[in-house]
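Here is a briefing for a reader who is meeting this structure for the first time. Please look over the sequence and the model before reading the points that follow.

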Amino acid sequence: MAITFEHVGYTYQAGTPMATPALSDISFTVPDHGYLAIIGHTGSGKSTLIQQINALLKPTTGKITVDGFTITPQTTNADLKPLRRHVGMVFQFPESQLFEETIQRDIAFGPQNFGVSEAEANQRALEMLRTVGLDESFAKRSPFELSGGQMRRVAIAGVLAMQPKVLILDEPTAGLDPQGRLEMMTLFNRLHQEQGLTIILVTHQMEDVATYADEVAVMQAGKLLTCATPQEVFSDPAWVQSSDIAVPRAAKFAQRLGERGVKWDQLPLTADQLADQLVRQWPGTGAKHD
Amino acid sequence: MENIIDVQHLSYRYQDTDGRPALDDISFTVRAGEWLALVGHNGSGKSTLARAVDGLLPFSEGTVVVGGIQLTPETVWEVREKIGMIFQNPDNQFVGATVEDDVAFGLENRQISRAEMVPRVKAALDEVGMQAFAQREPGALSGGQKQRVALAGIVAIAPDILILDEATSMLDPQGRRDMLALVQRLREEKHLTVISITHDIDEAASADRILVIDDGKLVEEAKPAEIFAQGERLVHLGLDVPFTAKLKQALQDRGITVPTGYQTTTEMEEWLWQSLSNT
């Protein structure tokens, strides 16, 4: 599912004395099967931006198109159900939204809300449990006796059970340990690769941006500074500095070596990319290309 | 230096029926003024251990001595006077309607007079750089600001020991660095002993010593550099792999001989530069 923003603006409590502009003149496109990362400081508008995509917040100005479905300031809630079925949203700390007595019923709740029969929803719930790496023995247990990481998987299974085509993830790994973070990011990447889900990831983890995203949108004070490939965004040190964004550790390290005269074909963004380029220059490997 | 915390043979089960104890025969000491990091994967028991030290869990086996006082049901309030705790999610620990009310809460609990309270709240907010936000609602602050307010609440009651329970894990990288720098400064100025429970490699690197908890047991105790030298195994200990270790692994995978042990980024940069120049 492709997503297009055209001159989107959003003001909280518009038309009141409390009006606070949160987004202004945002335009970008995520292609079908794309993987977009959104970065920016706390309060830069990232969460407001993603809530426009399934119209939890509707734009004050401009237009959003999600696979032919259009959201404008005039769109009414009655029009939104088909859109919301296709745009799955995983909020921060989604485990806090679990509520059912059993894990299976919690996962099946979403699809049933959208008219799927109980039998099919229960079947889907079992499939989604496996997808998120939990076996069927969890189905009848209470979601509240799980560890934090397991609860989060159940909450994500509940979103996946609606079979969305777009998955929006708001800092999905916050609070998980490194092993849990890696497993979670691997899961999303698998859904992206194998099922062609379009992924929108809000994150502070620049390593994840470098490893997984096709493009990265940089937000600052409600404006979109740029939307380009991680390579383009991170490779311009002056721009990175002036925009006050963090760069992946590998890129920062490579820049330091660069200042001492090491040449890069293009700035490495991950440890693997850095090692690839170092090996080519390594004395005695006979692979120098001059 | 004297030991401000002395834990001996501490065991704890959440329920009598639990097969495995959440804490299993743990003994360690903390010197006054030391920064100790507790690491371990989610569910390893490290938060349980911190709660036991603060008297938040009624453990049945073992002893905990804090500042010379043995923790018992009778002394628990005295022990808690000595300890300030900050949790992962600051929203779960706010009680006041405004930032200054919230900072004052701990003082009110201690029956401090208003005349003394007002300057102490102001000084505490100054200390963490949040004076300008005194009248604001805590919920409207950013994550980093919230944790600074939580720190101010602790500065106001001036405990000897600060326990950070994944207190930086919800902050963005800049917020995390600011918070760690602030804790480091307060530690020096107030002679605080710091115990930080963390998965973050930079936070663990701030510590003088690291304890690794796994399955409720204390499995390792060493200086950060010794722990970090374990490379990819660190993920199983609940820590990030330091960037230098990732890079060394990537180079090794490509047939390059790399130095053993742990290198800081500066040491790694130096080694690479030497190796590349060695033509």
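Two strands are said to pair if DSSP finds at least two bridges between them, and strands (E, at least two residues) and helices (H or I, at least four) are DSSP runs numbered from the N terminus. This is a predicted model, in which local features need pLDDT of at least 70 and side-chain atom pairs count only at pLDDT 80 or more, while totals for chains, interfaces and linings use all residues. Residues are numbered from 1 along each chain as its sequence is written, and chains are lettered from A and ligands numbered from 1 in the order in which they are written.

**The sheet in chain B**

- Strand β4 (residues 61–66) of chain B runs antiparallel to β5(B) and is joined to it by 2 bridges, and B:Val65 has B:Gln70 in β5(B) as its bridge partner.
- Both strands belong to an open sheet of 4 strands in chain B, ordered β2-β1-β4-β5 with antiparallel pairing.
- Because β2 (23–31) and β5 (69–70) of chain B each have a single partner strand, they stand at the edges, and one side of each is left without a neighbour in the sheet.

- Helix α11 (residues 271–281) of chain A packs against helix α9 (residues 243–253) of chain B at an angle of about 50 degrees, with their axes 9 Å apart, where axes are lines fitted to C-alpha atoms, for helices over the stretch in contact, and angles run from 0 to 180 degrees between N-to-C directions.
- α11(A) and α9(B) are therefore oblique to each other, since angles under 35 degrees count as roughly parallel, over 145 as roughly antiparallel, 65 to 115 as roughly perpendicular and the rest as oblique.
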